[in-house]
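The sequence and the model are shown below.

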Amino acid sequence: MDSPIQRTGEYSVKGDYHKNVDKNWRYYPVYHFKMKYIDSFIHPVPKTAKILDMGCGEVHLVEKYRKSGYDIIGLDLNYSSDVVKKGDIRYTPFENDEFDIVLCLDVLEHLNFQDQELALKEIHRILKKDGTALFALPNLAHFISRISFFLTGSLIRTSSINRHPGDRPVKEFISLMKEHKFYIKKRVGIFPTFIISSALTWYFPRRVIWLHVIINTLFSYPNWCFLNLIHCKKI
C-alpha cells in the first residue's frame, strides 16, 4: 500500500510548483537549463546505481527517473510519500556507504553555515567509496552582484536572507567541500548575469530561453554565473 503524501512548509502553501513550472517565473530560464543538465548527468548512470535526491522537494526528479528505471529515492524535511522519506539532511536515516550518487540541488544555501558542514559530513558518510555527489548552488558573487558591490557596497543576494541564510560566493562552497573530503571533478556555470541579459530575464523570463542558450554556451565561466553545478567524488 502506498504511503499517503504529506506536505508541510512551503509545499503546503505552494503545492507542487516544480512539477508545474510557471514559465513567467523569473528563475525559469535558470531552472530550465539546470534540469537539462541534470538529465545529461543522470542519463549515463547505470540503472543498478543507488541514488538519493537529498532535499528533493515535491518528488519531481524522483518520480521522473524512477519511471525511467533508475533506483532513486528522496529525502525532504517538508515532504514525504512512498518514495520520499521525511527527514533532516543533517541527520539522515541511512546507513554508511549506502548510495552511489547523492543529488543535493539548491539545498545547502537554505542552511546556515554551521549546518552546511553537518550536511556535507552526512553526504560523505552515506556515499559509497568513490561515490559521486552533484550539487547545484547559487553564487553570491555572480557577475552583476560584483558590479553592485563595487557601486553600492551591497551584493545582490540570490534570495531573501530568511530563505537563503547560507548564501556564499561559490568558491567558499568549494573550499568547504574540499575540507570535508570531496574531490571537485567538474564545475559548470549557468547564467552569467550580464546587465542586459539579467534585465531581460527579470522582465521576460519565458521569452529569453534563446538568449540563455547563447550566453550559457559562450560565456558561462562559473565564477560569473548565478548557479554552479559541481560534481564531487568522495575521497
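This is a predicted model: local features need pLDDT of at least 70, side-chain atom pairs count only at pLDDT 80 or more; totals for chains, interfaces and linings use all residues.

Leaving aside its neighbours within four places in sequence, with which residues is Y28 in contact? The contacts of Y28 are V21, D22, K23, P205, R206 and I209.

Y28 belongs to helix α2. With a relative accessible area of 10%, Y28 falls under the 20% cut-off and is therefore buried. Its C-alpha atom is 9.0 Å from that of I209, although 181 residues separate Y28 and I209 along the chain.

The two helices involved are α2, residues 28–42, and α8, residues 209–218; their axes come within 10 Å and cross at roughly 60°. Helices α2 and α8 are therefore oblique to each other, and their crossing is right-handed. On the α2 side the contact is made by Y28, P29, H32 and F33, and on the α8 side by I209, H212, V213 and N216. By class, this contact of α2 with α8 comprises five nonpolar residues, three polar residues and no charged residues.

**Buried residues in loops**

Two further residues are located in loops. E98 is found between β5 (84–86) and β6 (99–105), and T193 lies between β8 (182–192) and α7 (195–203). The accessibility values of the residues discussed are collected here.

| Residue | Relative accessibility | Class |
|---|---|---|
| Y28 | 10% | buried |
| E98 | 18% | buried |
| T193 | 2% | buried |

Why does E98 count as buried? Its relative accessibility is 18%, and the class requires a value under 20%. The side chain of E98 reaches the backbone nitrogen of E95 at 2.6 Å. When residues up to four places away in sequence are not counted, E98 touches K50, I126 and K128.

For T193, the relative accessibility of 2% means that this residue also counts as buried. A polar atom of the T193 side chain lies 2.9 Å from the backbone nitrogen of I144. I144 is also one of the residues in contact with T193 once neighbours within four places in sequence are left aside; the others are H142, F143, S198, W224 and F226.

**Summary**

The axes of α2 and α8 cross at roughly 60°, in a right-handed sense, with Y28 and I209 among the contacting residues.

Technical notes:
Residues are numbered from 1 along each chain as its sequence is written. Side-chain values use heavy atoms; hydrogens and water are left out. Axes are lines fitted to C-alpha atoms, for helices over the stretch in contact, and angles run from 0 to 180 degrees between N-to-C directions. Helices (H or I, at least four residues) and strands (E, at least two) are DSSP runs, numbered from the N terminus. Angles under 35 degrees count as roughly parallel, over 145 as roughly antiparallel, 65 to 115 as roughly perpendicular and the rest as oblique. A crossing is left-handed if the near helix is turned anticlockwise from the far one by less than a right angle, and right-handed if clockwise. Contact means heavy atoms within 4.5 Å. Ala, Val, Leu, Ile, Met, Phe, Trp, Tyr, Cys and Pro count as nonpolar, Asp, Glu, Lys and Arg as charged, and the others, Gly among them, as polar. Buried means under 20% relative accessible area, exposed over 50%, partly exposed in between (1.4 Å probe, protein chains only). A polar contact is a pair of N or O atoms within 3.5 Å; within protein, one must be able to donate a hydrogen and the other to accept it, and residues adjacent in sequence count only if both atoms are side-chain atoms.
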